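Please look over the sequence and the model shown here. A short report accompanies them.

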Amino acid sequence: MPTHIQHLKTIEQRLLWLSHWMIHNANNLRLKEDGLKVGGHQASSASCVSILTALYFATLKPEDRVAVKPHASPIFHAMQYLMGNQDLERMKNFRGFGGVQSYPSRIKDIDDVDFSTGSVGLGVAITTFASLVQDYIQAKKWGKDLPLGRMISLVGDAEMDEGNIYEALQEGWKHDLRNCWWIVDYNRQSLDGVVSEGLWERIIGVFTLLAGMWLKSNMASCRKLPSKNRAGSNSKTGLMPVPISFIAR
Ligand SMILES: Cc1ncc(C[n+]2csc(CCOP(=O)(O)OP(=O)(O)O)c2C)c(N)n1
Ligand SMILES: [Mg+2]
């Protein structure tokens with residue numbers, strides 16, 4: 001394995017541990033006056049830790065901006081902690097008063113949140129408009145020398161339930177959207193349920209139809225999931241290939 005990949009793997013494992021421990025600490029170790037469950041979504045962080053490690057530690061440039069999906073907040077703050085932008089007390093107080101927020105917040109968090117994403121779907125759509133505003137600025141004399149950033153959204157698959165996303169896609173197409181990436185974390189999990197089987201085919205169809213966006217899915221490293229009587233499933237095993245994430249830009 002090349003050395004830089006090994007380093008990224010080490011960082012990824014640190015992030016996985018930190019994010020999971022934050023949630024475990026909040027729910028099981030920290031003193032609670034009322035005994036109520038605090039909450040947090042460990043699987044939602046686990047499903048995107050590799051994507052966020054690759055983005056923040058090997059891809060992003062200073063001019064890029066990222067909307068991190070709401071449930072990846074523990075990973076986001078763990079990354080900022082590793083980079084020296086977040087403090088231990090706030091991490092220990094995850095979802096508590098004055099602690100790091102359950103969803104990344106520009107107002108309440110102290111670290112480098114580019115877009116607040118607590119209202120599901122809005123963080124995704126705003127990357128489109130941020131990119132269009134950037135184009136407007138670049139078209140001005142006073143803005144033409146500014147470096148162009150990439151506006152990136154790490155999208156939860158259940159965020160695709162929100163209607164504003166489809167308006168944003170169409171708006172992007174109208175204005176020749178560029179420098180905008182949407183990375184869908186297809187973990188098949190929503191807040192309190194399972195994402196409908198085969199939804200990814202619908203999502204890809206909508207991306208193509210509304211935005212004519214270029215799409216890349218990592219079907220090669222697909223997970224296989226039990227599926228009965230569905231077109232495309234293997235008749236012997238009943239298993240069916242499903243993407244684990246895909247990128248539109
Ligand atoms: C507008 C809005 N509706 C509903 C919610 C409640 N909510 C929080 S996260 C979430 C969906 C999480 O699913 P996904 O984006 O796939 O995240 P995952 O847990 O898989 O990472 C919902 C519906 C919200 N925060 N905002
Ligand atoms: Mg999900």
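The report below goes from the overall fold to single residues and the ligand.

## Basis

This is a predicted model: local features need pLDDT of at least 70, side-chain atom pairs count only at pLDDT 80 or more, and totals for chains, interfaces and linings use all residues. Residues are numbered from 1 along each chain as its sequence is written, while chains are lettered from A and ligands numbered from 1 in the order in which they are written.

## Overall fold

The protein has 8 helices and 7 strands. These are DSSP runs numbered from the N terminus: H or I of at least four residues for helices, E of at least two for strands. Of its 249 residues, 36% are buried. Buried means 20 or more other C-beta atoms within 10 Å of the residue's own, exposed means 12 or fewer, and partly exposed lies in between, with C-beta atoms placed from the backbone.

Contacts are pairs whose C-beta atoms, placed from the backbone, lie within 7 Å. Among contacts with a separation of 6 or more, 70% join residues 24 or more positions apart.

## Helix 8

Helix 8 covers residues 199–211, 13 residues in total. Its first and last C-alpha atoms are 18 Å apart, close to the 18 Å expected at 1.5 Å a residue. That expected span is 1.5 Å times one less than the number of residues.

Trp 200, Ile 203 and Ala 211 are the buried residues of helix 8. Seen down the helix axis, they fall within an arc of 55°, so they line one face. The arc is taken over the directions from the axis to the C-beta atoms. Exposed Arg 202 and Gly 205 sit on the face turned away from the buried side.

## Ile 75

Ile 75 lies in helix 4, residues 73–82. It is buried, with 29 C-beta neighbours inside 10 Å. Leaving out residues up to four places away in sequence, Ile 75 touches Leu 15, Ser 19, Ser 45, Cys 48, Val 49 and Leu 52. Leu 16 is 59 residues from Ile 75 in sequence, yet 7.2 Å away in space, C-alpha to C-alpha.

## Two arginines with positive phi

Most residues other than glycine have a negative phi. Arg 95 has a phi near 65°. It is in the loop between helix 5 (88–92) and helix 6 (122–138). Arg 188 has a phi of about 60°, and is in the loop between strand 3 (180–185) and helix 8.

Arg 95 is partly exposed, with 19 other C-beta atoms within 10 Å. Arg 188 is also partly exposed, with 19 C-beta neighbours inside 10 Å.

## Ligand 1

Around ligand 1 there are 17 residues, of which Ser 44, His 71, Val 120, Gly 156 and Ala 158 come nearest. A residue counts here if its C-beta atom, placed from the backbone, lies within 6 Å of the molecule.

The shell divides into 4 nonpolar, 10 polar and 3 charged residues. Ala, Val, Leu, Ile, Met, Phe, Trp, Tyr, Cys and Pro count as nonpolar, Asp, Glu, Lys and Arg as charged, and the others, Gly among them, as polar.

Technical notes: Contact = placed C-beta atoms within 7 Å.
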